[in-house]
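Work through these exercises with the sequence and the model side by side. Try each task before you read its solution.

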Amino acid sequence: MTSFRKRVIFCDFDGTITNNDNIISIFKHFNPPGWESIKDDILSQRISVRRGVGQMFSLLPSSRKEEIIRYAIDQAEIRPGFEEFIQYCREHGIKLLITSGGIDFFVYPILSRYAIPVEDIYCNGSDFSGETIRIVWPHPCDPHCDVDCGMCKTSVIRSYDSRLYEKIVIGDSITDLAGSKLADFTIARDYLLKKCEELGLVHQPFTTFFDVIDILNGAPLAK
Ligand SMILES: [Mg+2]
Ligand SMILES: [Zn+2]
């Protein structure tokens, strides 16, 4: 019966589509005083991702907007096979959604050269009208999530009916783990891979998007 469900993929951006975490790259480069302790607070879960990322960007002056955007776009490296992966999804009638904790000013431009409809890209927003950068959150947690994610991946995943959709998560980090637990199948690297192994979640490892295509082609996905 599962084969009658439509496949939907929820694909992370930072560290999954791009080789590195773009937010971290921006902060390492511009290095505003105080950002590292906020980052540590996020990683140790002392503050939520939404609060922490908001605080970090409030350390950057809006006057440097052009420079920050240019840097973010230029430093991003796309993981091999991504374009072929998009084409594969299109040819096989798979719905591909980008679910990113990144920010619109780099996520949209980096993805603009690929055939992904803007409405299929979920990320956070930005406002440069004040003294410092303000992050805005168009995709907050639904009543089932109390993590204060910022861009809530599980809320997006929950909005797809499991009776109608076979759900696949592709990702790399802690922010993808809750989504993996809701999905039928996870394609993972790095931290997420270790957690999937540890928790016995149905998964396959990947390095490039050519691997992802092979997995989607070959692996009879678990129910
Ligand atoms: Mg990631
Ligand atoms: Zn959430």
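**Ground rules**

This is a predicted model: local features need pLDDT of at least 70, side-chain atom pairs count only at pLDDT 80 or more, and totals for chains, interfaces and linings use all residues. Residues are numbered from 1 along each chain as its sequence is written, chains are lettered from A and ligands numbered from 1 in the order in which they are written, and side-chain values use heavy atoms, without hydrogens and water.

**Exercise 1. Classify the residues that line the largest cavity, then find where they come from.**

Step 1. Take the classes. The lining divides into four nonpolar, three polar and three charged residues. Here Ala, Val, Leu, Ile, Met, Phe, Trp, Tyr, Cys and Pro count as nonpolar, Asp, Glu, Lys and Arg as charged, and the others, Gly among them, as polar.

Step 2. Name the residues. They are Phe10, Asp12, Thr99, Lys153, Ile157, Val169, Ile170, Asp176, Gly179 and Ser180. On a 1 Å grid over the protein atoms alone, a cavity is a set of points where a 1.4 Å probe fits but cannot get out; a pocket is an open set with protein on both sides within 12 Å along at least five of seven lines; lining residues have an atom within 4 Å of a point.

Step 3. Assign the elements. α7 (153-158), β5 and α8 each give two or more residues to this lining. α8 has the largest share, three residues. Helices (H or I, at least four residues) and strands (E, at least two) are DSSP runs, numbered from the N terminus.

Step 4. Get the volume. The largest cavity holds about 50 Å³ of space. The whole structure has one cavity of 30 Å³ or more. Grid points are joined across faces, edges and corners, and a volume is the space filled by probe spheres set on the points.

Step 5. Check one lining residue. Lys153 lies in helix α7. Lys153 is buried, at a relative accessible area of 8%. Buried means under 20% relative accessible area, exposed over 50%, partly exposed in between (1.4 Å probe, protein chains only).

**Exercise 2. Which residues coordinate the magnesium ion (ligand 1)?**

Step 1. List the donors. Asp12 (OD), Asp14 (O) and Asp172 (OD) coordinate the ion at 2.1 Å. Donors are N, O and S atoms within 2.8 Å of the metal (3.2 Å for Na, K and Ca); water is not among the atoms, so sites may look incomplete.

Step 2. Read the spacing. Along the chain the donors follow D-x1-D-x157-D.

Step 3. Asp14 sits in the loop between β1 (6-11) and α1 (22-30), and Asp172 in the loop between β5 (165-171) and α8 (174-182), so the pair ties together parts that are 158 residues apart in sequence.

Step 4. Check burial. Asp14 counts as buried at 10% relative accessibility. Asp172 is buried too, at 9%.

**Exercise 3. What is the geometry of the zinc site (ligand 2)?**

Step 1. Cys141 (SG), Cys145 (SG), Cys149 (SG) and Cys152 (SG) coordinate the zinc ion at 2.3 Å. Their spacing is C-x3-C-x3-C-x2-C.

Step 2. Take the angles. They run from 107 to 112° among the four donor atoms, and the site is tetrahedral. Four donors count as tetrahedral if all angles lie between 85 and 135 degrees.

Step 3. Check burial. Cys145 and Cys152 are both buried.

**Exercise 4. How are the rings of Phe13 and Phe106 arranged?**

Step 1. Start from the count. There are 14 aromatic pairs. Rings of Phe, Tyr and Trp (its six-membered ring) pair if their centres lie within 6.5 Å; planes under 30 degrees apart count as stacked, over 60 as edge-to-face and the rest as tilted.

Step 2. Apply the rule. The ring centres of Phe13 and Phe106 are 6.4 Å apart and the planes are at 35°, so the pair is tilted.

Step 3. Locate the partners. Phe13 is in the loop between β1 and α1, and Phe106 is in helix α6 (residues 104-111), 93 residues apart. Both Phe13 and Phe106 are buried.

Step 4. Widen the view. One aromatic cluster is formed by Phe13, Phe27, Trp35, Phe57, Phe105, Phe106 and Phe128.

**Exercise 5. Which element gives the largest share of the lining of the largest pocket?**

Step 1. Get the volume. It is about 1,100 Å³.

Step 2. Go to the centre. Of the 39 lining residues, Ile42, Val49, Ser173, Ile174 and Thr175 are the closest to it.

Step 3. The largest comes from α8, with seven residues.

Technical notes
Four donors count as tetrahedral if all angles lie between 85 and 135 degrees; four count as square planar and six as octahedral if opposite donors are over 155 degrees apart and all others between 65 and 115; anything else is irregular.
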